[in-house]
Amino acid sequence: MPFLPVAASSIAPEVDHLFWYLSIVSIIMTALIFLTIFIFAVKYRRRSPNEVPKPIHGSLRLEIAWSVIPFLVMLTFFWWGAEIFFANASPPADAMDVYAVGKQWMWKVQYPEGQREINELHVPIGRPVKVTLASEDVIHSFFIPAFRVKHDVVPGRYDTMWFTATKPGRYHLFCAEYCGTEHSGMVGWVTAMNPSDYENWLTSGGSDGSMAQQGEKLFQQMGCSTCHLLDQQGRCPILRGVYGSRVQLSDGRSVIADDAYIRESILNPNAKIVAGFRPDIMPTFQGQISEEGILQLIVYIKSLAIEGTPSAPNGGTTTAGQPSNAFGPNAGKQ
Amino acid sequence: MSTALADPQLTEQPNYLNSEYGWKSWLFTKDHKRIAILYLISITVMFMIGGIFALLIRLELLTPEGDMVNSDTYNKFFTMHGVVMVFFFLIPSIPATLGNFFVPMMIGAKDLAFPRINLLSWYIYIAGAAFALAAIVMGGVDTGWTFYTPFSSTYSNTFVITAAVGVFIAGFSSILTGLNFIVTIHKMRAPGMTWGRLPLFVWANYATSLIQVLGTPVVAITLALVALERAFHIGIFDPAIGGDPILFQHMFWFYSHPAVYIMILPGMGVISELVTCFSRKGIFGYSFIAGSSLGIAIIGFLVWGHHMFVTGMSMYASLYFSFLTMLVAVPSAIKVFNWTATMFRGSISYDTPMLYAFGFIGLFTIGGLTGLFLGTLGIDVHVTDTYFVVAHFHYVMVGGMVLAYMGGVHFWWPKMTGKLYPEGWAKFSALLVFAGFNATFFPQFIAGYLGQPRRYHAYAPEFQVYNVMSTAGATILGLGYLIPLIYLTWSLRYGKPAGNNPWGAKGLEWETTSPPPTYNFEKTPIVTEEAYAYSHQKEIEVG
């Protein structure tokens, strides 16, 4: 009979410690209240039908004490919880990338190296893994209980989450946001492996080339390459070196060319026009390309480094809120 | 004040039940007490429908495989359970029945301020319920009671609009009841019934009414927008047509979190009445309990984002919502401490309503504390959308609210009907409810922390042991609800006459006859003392 889930990621023990802290405080509080009520109920039970106890109206001191002290205890919950949350909000710069697309009712995972799998995720232990999440349809939620991580996968934008697995093993992957008929079938396995096993796994089995190569193929097939020339100015901006750079827009604003920006530019090209270009030249690709395809294109564009410079770093910038998210950290910047 | 003495011929006295006969006298009544009875019957029917869905859910979850019904049916079960229980039982439960009946009586009024609007609100409720039931009969809804977009607005193939219209309509009933209470409490208090003398049940209903009037329009608009998007493809929430799915969650929880307080505040009001009466003692910290109701109503509007910590909302917004969630727990804690302190040196009797009050305080404490787990950012990420959440809100909604409702019904039943129920059976079933409830929902905390996601038709086999416990507990809980239904109905005909004040309780409602006359009081009472002045009487008159 399992009582606690396996703790198989770097943050799992931290979350568990906090959980134990809250549990112990709560158990003490509950016991105190139960016990007090029990003692009062026995000690002050009605002994004669006509007894009338003396009134007690209240006590300001007590009221202050039992408002302020619990609140201070709660603030420790708040503080500790916020600390863990913030420390794990953005992935470290050296995290490896994995891309996961949720669709009714499966998880499609692809690796930059070209491996693809369904309802399976293979990760090495001891190395931060950043998962970029996209949805083809409704809201899903990527949940790995053994790692104590969960993130909603919201259609129309990218979300990211990350973790560092610490113990080899096979762990549940669940969809945690109700998504329709086979919601409970949208489950899979996360396999955490020793780094050497992971390398073997990554190179075993056939693949259609790396994600960047697949993206390049799409880039030709979809006709992107007719306007976005690689090394000379065409009708559209040159994409080499654009990933991660700051792009000047025609309306005077500027944006960082991150995953969210590139996705938007493919699906809604008129949303942000690069300075010096006209709108309405590029058609929308909404409905013509899958989320997986868009991710391949993004990885391809990311791979187009300017000669002599390393390809763009994995910043935390891809978590950029969509315009939709009024509270997003990038609200107002867009 | 009138002093009604025990009369062996009580039932022969003119009262609101025997003043008129025939179905018209009920369906066209303007008497708040009769309307309360209409509501009582309606929400009991809805509770039974919601309860049947709950039992079907628990039966399916007895085994890890989804083997009893198919996924679509299971998804409809939990959706209909949630929709019926939240919108058609919990929200109207105490205000529309006990509140409707007793708020006017407790302030010494002969009715609510707008008796016709009161009747109208019942009809609106029935119209809303008819839509919800129609959605069930036509084939059900599978969106979950939260109607999350874009699933509800674009992807679901079920009767979403019908159900949403039902909830939309029922919202107006809630708004009208709230409005009626606010005006009544402001304008119709008997001479001497100052704000500082109001029974705490009235304060709790006042705070609830404020939330109903301010919050309900938002959920009505939100569901109307879902229906518009679904019917006419106007892009509001679906990103494929230019909408924003997270906007829906902000709008939905802006109402639906305060709605949690619509559900629990009146229950807290009931507990204040029970604890004082059965400790025979004035409330400890009157103004803190009254003020904390208002505090909850206000802060409750500012915490909705704690339902959305893993949606990718800005982490600074998360920080703010987490902090305010801790803050909103303070007024709830104040109430629990004050109720406990009220018992200190009291004269405590263990009548059935008090057993429910003990149960409420204990279970609400657990529900409240586990709410803090969910408000703590680092923990919420792991436990949100798991059975931990399911257990938490059932501890508040069922362990808290439903127990308070049961306690209140048992407390005021003699006043409402003039009859006593069999105390032995009542105590027995109160214990069943408490035991069955804990057996059902406590294991879900563990299953939740282990990672069992909610709304799963089939689940991983290692969670089974906790689900078997839950299902076994639900059986006991179901029995605990069934027994009162039987003996309360039985008591209508065979119960002993209750007398005017079987508990020796304070409060204007106990000063009139049982059942009360149509206009509640022979003459308008004049109030000369604070609420719960148990020590003022030299000798407690019972009966």
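**Two chains, residue by residue**

User: Is B:Thr177 buried or exposed, and why?

Analyst: B:Thr177 is buried, because 30 other C-beta atoms lie within 10 Å (buried means 20 or more other C-beta atoms within 10 Å of its own, with C-beta atoms placed from the backbone). This is a predicted model, in which local features need pLDDT of at least 70 and side-chain atom pairs count only at pLDDT 80 or more, while totals for chains, interfaces and linings use all residues. Residues are numbered from 1 along each chain as its sequence is written, and chains are lettered from A and ligands numbered from 1 in the order in which they are written.

User: Which helix is B:Thr177 in, and what is it in contact with?

Analyst: B:Thr177 belongs to helix H6 (residues 160–187) of chain B, helices being DSSP runs of H or I with at least four residues and strands runs of E with at least two, numbered from the N terminus. Leaving aside neighbours within four places in sequence, B:Thr177 is in contact with B:Pro95, B:Ala96, B:Ser121 and B:Gln212, where contact means C-beta atoms, placed from the backbone, within 7 Å.

User: What about B:His32, buried or exposed?

Analyst: B:His32 is buried, with 26 other C-beta atoms within 10 Å, and lies in helix H2 (residues 32–60) of chain B. Not counting residues up to four places away in sequence, B:His32 touches several residues, among them B:Asn100, B:Phe101 and B:Leu112.

User: Switching topic, how many residues does each chain put into the contact?

Analyst: The contact takes 83 residues from chain B and 78 residues from chain A. On the side of chain B that touches chain A, H10(B) gives the most, with 15 residues. By class, that side of chain B has 48 nonpolar, 26 polar and nine charged residues (Ala, Val, Leu, Ile, Met, Phe, Trp, Tyr, Cys and Pro count as nonpolar, Asp, Glu, Lys and Arg as charged, and the others, Gly among them, as polar).

User: And in chain A, what is the strand order of the open sheet?

Analyst: The open sheet of five strands in chain A has the order E3-E2-E1-E5-E8, with mixed pairing, and two strands pair if DSSP finds at least two bridges between them. Strand E3 (116–118) and strand E8 (159–164) of chain A stand at the edges, each with a single partner strand, so one side of each is left without a neighbour in the sheet.

User: How many bridges join E2 to E3?

Analyst: Three bridges join strand E2 (residues 106–110) of chain A to E3(A), and these strands run antiparallel; A:Val109 has A:Glu117 as its bridge partner in E3(A).

Methods
Buried ≥ 20, exposed ≤ 12 C-beta atoms within 10 Å, placed from the backbone. Contact = placed C-beta atoms within 7 Å.
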